[in-house]
Amino acid sequence: MSSKRTEIKELLQAEELDVKVVVKGWVRNCRGNNFVLFAAVNDGSSLQNIQIVFDTEKFSEADLKKITVGCSLSVEGTLKASEGKGQRVEVVADTFEVLGLCNPDEYPIQPKKHSLEFLRENAHLRFRTNLFGAIMRVRHNMIYAIHTFFTQKGFYNIHTPLITGSDCEGAGEMFQVTTLDLNDLPKTEDGAVDYSQDFFGKMTNLTVSGQLEVELACMALSKVYTFGPTFRAENSNTTRHLAEFWMIEPEIAFADINDDMDIAEEFLKYLIKYALDHCREDLEFLQDRLMQEEKSKPQNERSMPLIEKLEFVLANDFQRLTYTEAIEILKESKPNQKGQFKYKIEGYGADLQSEHERYLVEKHFKKPVILTGYPKEIKAFYMKQNPDGKTVAAMDILFPGIGEIIGGSEREADFDKLNKRIEELNIPMKDMWWYLDTRRFGAVPHSGFGLGFERLMLFVTGMSNIRDVIPFPRYPKSAEF
């Protein structure tokens, strides 16, 4: 049999009929009678399956019995206009070969609705469902759009290290990297672990962010970004947290906080427009699924239809206001006064939670929001201190349904101010000498931000659990597959 196949996506759009074609893929469903067998085949190129028609008189019963849900097929046949409902074209089989058998009694992914929890337990097979096929195609398109946006803007992609000796966020929730024998650790005279005998000669961890290193490249190349995996050993079993996730972190020289907000807003709108322009079929499927899920909810609790929500972001300029202004709005809000917030806003200094961020976006302004001017106590050490001595030039972008999607800031370029802040927070200076050097040797104002890729995926797909927008989720007590 010829090995030259045509992807199903192309066949479904083909205008020329009654031509010989080769189809290869996996059987999603099959049904039939004594005269004909219909198999719905998918190869991942499209959300849609193509129907293969087998005339039972042409083939032996023993061969046809091998065609089961989950098996893989190679079929040579004729592309015809379909007589049945639900498809424009179908393939009438002349010859076929079962490439891989599949026992239908043991195969977990049956043609029925499976719970997301069940699919997580079978993450090695969940790509074969319509839902995860759609999510992964959108994910690919978003990756492509991210690199395209930055390339068109003149940015350079920098690979920052995954193994690091510094803690960018200062949170301390890092995965340790070591080659030491954990059953026989070398010790110093005072009983501490002797890391001088470890592979790198000191304690190292998996990175929580590539920002500090990408800043170094920014000081020569002006416009750079890193896009890679990051790791956080936070024992959090929520729908918003992963132990391994991907971050997009641009860094821009000669840019202040306003430039930072401008490019972040432009970036998000570019990605969302790209999804609407290139993933419409998958987004419509995801939207329909979401609407089915929410049928049982009262009308006022249902979320905005997915495509409408994406278009809503494109249609509005993001509302910009200070943290101080936001606190006043939240403090006076009905949910706060009536005790409906889980975390009551008492006043300045409160660390905003997702419920507060969503109130500002969904109820108060009814558009995406950018908050600026946060108290320095609740933000990272590297953020530029404002002249008031209390706040920093930070910015967070808040989206409907999700809260914070981007966090960024103008960086502190003043050596003395940065050095003092590092000392105030007791960050080990020996680990930060190279970062401080960029403030000693030709420092310039610069800004950047971080976008959690899976947070973006939650927003674009309408999924509610972050474990369902990454191929192989890593979270506490789970490192399967």
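Predicted model: local features only at pLDDT ≥ 70, side-chain atom pairs only at ≥ 80, totals over all residues.
Residues are numbered from 1 along each chain as its sequence is written, and side-chain values use heavy atoms, with hydrogens and water left out.

Val21 has Gly77 of E4 as its bridge partner.

## Aromatic pairs

Rings of Phe, Tyr and Trp (its six-membered ring) pair if their centres lie within 6.5 Å; planes under 30 degrees apart count as stacked, over 60 as edge-to-face and the rest as tilted. By this rule there are 24 aromatic pairs. One of them is edge-to-face: Phe54 and Phe96, at 5.2 Å centre to centre with 75° between the planes. This pair links distant parts of the chain, since Phe54 sits in strand E3 (residues 50–55) and Phe96 in strand E5 (residues 89–100), 42 residues apart.

## The open sheet

Now for the other sheet: eight strands form an open, mixed arrangement in the order E6-E10-E11-E16-E15-E14-E13-E12. Strands E6 (156–157) and E12 (319–322) are at the edges with a single partner strand each, so one side of each has no neighbour in the sheet. Strands E13 (residues 369–375) and E14 (residues 391–399) run antiparallel and share six bridges, with Thr372 partnered by Met395 in E14.

Helix H6 (residues 257–278) lies across E11, E12, E13, E14, E15 and E16, at about 15° to E14. Helix H14 (residues 453–461) lies across E10, E11, E14, E15 and E16, at about 55° to E16. Axes are lines fitted to C-alpha atoms, for helices over the stretch in contact, and angles run from 0 to 180 degrees between N-to-C directions.

## Helices that pack on H6

Helix H4 (residues 130–152) packs against H6 at about 135°, with the axes 10 Å apart. That angle makes H4 oblique to H6 (under 35 degrees is roughly parallel, over 145 roughly antiparallel, 65 to 115 roughly perpendicular and the rest oblique). The contact (heavy atoms within 4.5 Å) includes Tyr144 and Phe149 of H4 and Phe267 and Tyr270 of H6. Its residues divide into twelve nonpolar, four polar and one charged; Ala, Val, Leu, Ile, Met, Phe, Trp, Tyr, Cys and Pro count as nonpolar, Asp, Glu, Lys and Arg as charged, and the others, Gly among them, as polar.

H6 also packs with helix H8 (residues 306–315), at about 140° and with axes 9 Å apart. In this contact, Lys269, Ile272, Lys273 and Leu276 of H6 meet Ile307, Leu310, Glu311, Val313 and Leu314 of H8. The contact counts six nonpolar, no polar and three charged residues.

## Helices H12 and H13

Helix H12 (residues 415–424) and helix H13 (residues 433–440) have axes that come within 9 Å and cross at roughly 155°. H12 is therefore roughly antiparallel to H13. Phe415, Leu418, Asn419 and Ile422 of H12 make the contact with Tyr435, Leu436, Arg439 and Arg440 of H13.

Technical notes
Pairing = 2+ DSSP bridges. Helix = DSSP H or I, 4+ residues; strand = E, 2+ residues; numbered from the N terminus.
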